[in-house]
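The following note sets out several points for a colleague who has the structure at hand. Each point may be checked against the coordinates.

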Amino acid sequence: MVVSQTSSQHWHHATSLNTVKEKGCVLVPLEGQQIALFYSEGHVYAIDNRCPHMGFPLQGSVCKEGILTCPWHYARFDLASGGTFDSWADDVRAFPLKLEAGEIWLDLTPLDDRQSHYRQRLQDGLEQTISLVIAKSVIGCLAENPNPRDPFRLGLAFGTRHTKQGWGSGLTILTAMMNLLPYLEAGDRPQALYQGLSAVARDSSGAPPHFCLHPLPQTQVEFATLKRWFRQFVERRDTEAAERCLMTAVQGQCPPQDIADMLFAAATDHRYLDGGHTLDFINKGLEALDWLEWQDAESTLASLVPGLTQATRMEESSSWRYPLDLVDILETAFEELPEVLAAGRSRSWAGDPELVSLLLADNPQATVQAMLTALKQGCPPAQLAAQVTQAAAMRVAQFNTNNDHRDWDAAHHPFTYAHAVQRGLERSPTPELLRGVFDGAMAVYLNRFLNVPPARLPNPDNRVSQPQDLLQSLGEQLDRQQQVAASGKLVAQYLYSGGDPQDLLATLAKLMLREDRNFHVIQSLEAAFRLYNQLGNSTAGISVLVAATRYLAAHSPTVRSQAQTYTIAQRLHQGDRLDQG
């Protein structure tokens, strides 16, 4: 007979020993809980009747040699402790019991430190790539403590340590989801984190751990020297040497702005690395560290180095060299930058309403000249980057759906790249990073064929008296394919009619979360939200949200299996019986 001793005073009478012996299994309701008592091989056990895997009842399960096997999905549990032998199932709660005069008493003391349990289960889910475990853990973590930084920190540490080729799409999705949390309704935030963390688990599956290199020993190298060495090693594609320079900068307590300067300078020494992904990933890595106030930065920064040393350089691409040599145009412009910046340093830019149109035109030489002129007139580099980001968004807003569906990504990449450059310049306004603004403008130029003919922008005069009703229609539209134009028109109509922008952003984010994970859709929505907040509810700002909505509609609907997994986890956390529908 198993009899647990405890100092708790939360003892409750369950039933008689003879009853359990006679029936083998007895279900006892106590304090709102359904507890299953099992008699097996001379011992009595008490466990929660809900299988922690999917919430199905354990009553009637097979018991043999102290192991209970759930009849639904065959999860196995140690009856004495409740521990599972199957990592996908989670432990079931076992209750201490005592026997007095043939009667069974159970200790129902509430469990302590559930946060540590959920944190460990999240680690298990990441290691085993089990989406349901990740979802249940995130829901539990945020129920105990609504601050999302703890699960984010765990996911970031895991993803940067277990990485196949450095920082990738999974870690970018996780960071983008963190950036989107302020726009989401509170009830949708766990789902956003779940999607980000499950993306990290997928990317890290089967990857060996990366061990960060030690900094240079007992040396005080000046930052300028470390930066020069770092760029030289990236140029030679020497990942190990570049990482050691970066670790030395971190160990030497270089401020975050200097670290960003090193990374961005190397990223813009060549043109538009890896179609814009390299610089975008660097920006997301730095944003991830901002969330954690740059604590334990080494593994995150180390994960960014392979993206620099292994990247494809667009000056090696024929599209950047023929029929016009865009690289030559840019390098000539870069030679003028010191003089241009000096001229604009004492001036205040009045703005140029034609600049975005020039960026969308068919003359790259004129585009570059207009950008240099803006800088000479005092245009701040980050503001110039915002102009390029707007132009890139217009490529998406006016994307002609007669193009191949894969061309949506060609339109998308300059938008998220230019947005990353803009964010980087707000952090580290250096001449080296300014080169990335010009790279983004050339990427926008190269995609001009995607707007031939351009899709028509929604009419601002098409207004309704009850714009809030349109949000429900948006969800219904995205339940069907080929609703690109209609969805973009609806969003513009809602905003031009005076609808609440925050309600729209929360709705768009919710509609994104119900679809299966799409790296580019998440990137696009995050960049659009942040740019819209900067531009306000102007025609330019509304066009940015039209672009993001059209991109989301082009990739909807999906099977929505991720949302189904999350819904199951949510119902389990609420105590639902899934076998009852």
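1. In this predicted model, strand β9 (residues 103–107) is joined to β8 by four bridges, and the pairing is antiparallel. Within this pair, Leu97 lies opposite Leu106 of β9.

2. The pair belongs to an open sheet of three strands, ordered β1-β9-β8 and paired in the antiparallel sense. The edges are taken by β1 (11–16) and β8 (97–100); each has a single partner strand, so one side of each lacks a neighbour in the sheet. From one strand to the next, the twist averages 30 degrees.

3. The UniProt record, an unreviewed entry, assigns the feature "domain: Rieske" to residues 11–106. Over residues 11–106 the chain is 45% strand and 7% helix.

4. Helix α21 (residues 519–535) packs with helix α22 (residues 539–554) at an angle of about 170 degrees, and their axes are 9 Å apart. Angles over 145 degrees count as roughly antiparallel, and α21 is therefore roughly antiparallel to α22.

5. Which residues of α21 and α22 make the contact? On α21 they are His520, Val521, Ser524, Leu525, Ala528, Phe529, Leu531, Tyr532 and Leu535. On α22 they are Ala540, Gly541, Ile542, Val544, Leu545, Ala548, Tyr551 and Leu552. By class, the contact of α21 with α22 comprises 14 nonpolar and three polar residues, with no charged residues.

Notes
Residues numbered from 1 in each chain as written. Predicted model: local features only at pLDDT ≥ 70, side-chain atom pairs only at ≥ 80, totals over all residues. Heavy atoms only, no water. Axes fitted to C-alpha atoms, helices over the stretch in contact; angles between N-to-C directions. Helix = DSSP H or I, 4+ residues; strand = E, 2+ residues; numbered from the N terminus. Parallel < 35°, antiparallel > 145°, perpendicular 65-115°, else oblique. Contact = heavy atoms within 4.5 Å. Nonpolar A, V, L, I, M, F, W, Y, C, P; charged D, E, K, R; others polar. Pairing = 2+ DSSP bridges. UniProt positions renumbered as here; feature names shortened; annotations may be inferred.
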